[in-house]
Each structure stands twice: as C-alpha cells, then as structure tokens.
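Look at the fold first, then read on.

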Amino acid sequence: MKIDPMDLIKKAIDCFLLRFQAVAEEDWGRIDRSLLYLTFSQASLNAIFSGGGPFNVLSFAEAKEILSNRFSSPVVNKNLTKEQEMLLIRHNGGFPLFVINWPREQKPFYMKSMAENQVAAFDLLVPVIGEVCGGSLRETDIESLQQRLPSPELQW
C-alpha cells in the first residue's frame with residue numbers, strides 16, 4: 001500500500017479542526033476565532049469544516065517561477081523567505097499549500113533523490129505562519145547514501 005504523507009498531514013489538520021469544533025461545540029460559539037482567521041481565511045475554514053478544502057501542490061520549480069514572474073521576487077540561494085511563502089499563499093487564494101520536489105542542496109543528505117538535483121521532500125505552507133511542517137522520503141540505497149555523506153567521519 002502506498003502512503004501519501006501530504007495526504008496524511010492534510011487529513012490530520014482537517015481531523016483536528018473538525019474534532020475541535022465537535023468536542024468544544026459550546027466553547028466554539030464563544031471562542032474568539034480571530035486566531036484561526038489569522039491563520040486560515042474564512043473560505044478555507046468553511047472548506048475545512050465542510051469536509052476538506054484544497055491543499056494545492058506546487059513543485060519548487062513552479063513556486064520559483066511564480067515568485068519571479070508574478071511577484072518579481074526571485075529565489076536567492078534556493079531558499080524561500082517568509083515573505084515569499086506568504087506570496088505563494090496569496091497566489092493560492094489564501095489556502096494551505098504544499099511545495100514539493102526541493103533542490104538536493106536545500107535538504108539533508110538522506111532524502112531520496114528523484115531527478116537530477118531534486119529530492120522527494122515537501123513543506124506545508126499556511127497563511128500567516130508560513131512553513132508549519134515538512135517531510136520527505138528517505139534514501140534506501142546504501143551506495144547513494146555513502147556518496148552523499150556530508151562528512152567522512154559519518155559511517156554506518
């Protein structure tokens with residue numbers, strides 16, 4: 001069975017918000033929702049509470065292109081700044097967004113290679129906060145791992 005870690009994270013967020021609303025129904029009516037609205041737009045909260053909202057996916061290359069072309073905010077040193085994360089969220093209509101397929105030099109050596117200089121990794125970006133979590137597939141080929149060890153002192 002293939003497990004999609006991004007889907008698991010989305011489901012965990014959906015589940016948390018739905019259970020919080022169900023368990024604390026009385027409190028939910030009194031709670032100052034402004035903290036939630038700082039993080040999620042009204043539209044994304046409505047979508048989540050009605051059974052799931054869009055958590056779109058962009059590759060790092062697509063994100064970089066959007067930032068350069070639409071917002072005139074080029075990515076320097078292959079890092080996204082918080083401002084750039086917010087621009088991507090804005091581009092996504094205020095909804096949470098996964099950025100996938102990161103450059104190898106951005107991530108730890110043990111992440112699984114996908115293509116030339118890319119690893120199978122993701123970051124989840126949400127409004128106001130930016131990156132809240134990330135994940136990756138781990139390299140399983142011992143020879144590939146040994147070739148990418150960052151230091152000769154690291155041994156198995």
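Does Arg 148 count as buried or exposed? Arg 148 counts as buried, because its relative accessibility is 18%. Buried means under 20% relative accessible area, exposed means over 50%, and partly exposed lies in between (1.4 Å probe, protein chains only).

## Model and confidence

This is a predicted model, in which local features need pLDDT of at least 70 and side-chain atom pairs count only at pLDDT 80 or more, while totals for chains, interfaces and linings use all residues. Residues are numbered from 1 along each chain as its sequence is written, and side-chain values use heavy atoms, with hydrogens and water left out.

pLDDT is the predictor's confidence in each residue, from 0 to 100. The protein averages 78. At least 70 is reached by 71% of the residues. Confidence is lowest in helix H3 (residues 34-39), with a mean of 53. It is highest in helix H5 (residues 60-69), at 94.

## Overall fold

The protein has seven helices and four strands. Helices (H or I, at least four residues) and strands (E, at least two) are DSSP runs, numbered from the N terminus. Along the sequence the pattern is α-α-α-α-β-α-α-β-β-β-α.

Of the 156 residues, 38% are buried. The protein exposes about 9,600 Å², and carbon and sulfur atoms supply 55% of that area. Accessible areas come from the Shrake-Rupley method with a 1.4 Å probe; for residues, only the protein chains shown count as cover. Contact means heavy atoms within 4.5 Å. Among contacts between residues at least 6 apart in sequence, 55% join residues at least 24 apart.

Strands E3 and E4 pair in the antiparallel sense over six bridges. Two strands pair if DSSP finds at least two bridges between them. Leu 124 stands opposite Cys 133 in E4. Three residues lie between the strands of this hairpin.

Val 128 sits in the loop between E3 (118-126) and E4 (130-136). Its phi is positive, near 70°. Val 128 counts as partly exposed because its relative accessibility is 43%. With Ile 129 and Val 132, Val 128 makes a nonpolar surface patch of about 220 Å². Patches are made of residues with over 30% relative accessible area and no salt bridge; like charges are joined within 9 Å, nonpolar side chains (Val, Leu, Ile, Met, Phe, Trp, Tyr) within 5 Å.

## Salt bridges

How many salt bridges does the structure hold? It holds three. A salt bridge is a side-chain nitrogen of Lys or Arg within 4 Å of a carboxyl oxygen of Asp or Glu. Asp 123 forms one with Lys 107, and their closest N and O atoms are 3.3 Å apart. This pair links distant parts of the chain, 16 residues apart: Asp 123 in strand E3 and Lys 107 in the loop between E2 and E3. Asp 123 is buried, because its relative accessibility is 5%.

Lys 112, Glu 139 and Arg 148 are linked in a network of salt bridges. Lys 112 pairs with Glu 139 at 3.5 Å between the closest N and O atoms. Arg 148 also forms a salt bridge with Glu 139, with closest N and O atoms 3.5 Å apart. Glu 139 is buried at 9% relative accessibility, whereas Lys 112 is partly exposed at 29%.

## Positive phi at asparagine

Most residues other than glycine have a negative phi. Asn 101, in strand E2 (residues 97-103), has a positive phi near 55°. Asn 117, in the loop between E2 and E3, has a positive phi of about 65°.
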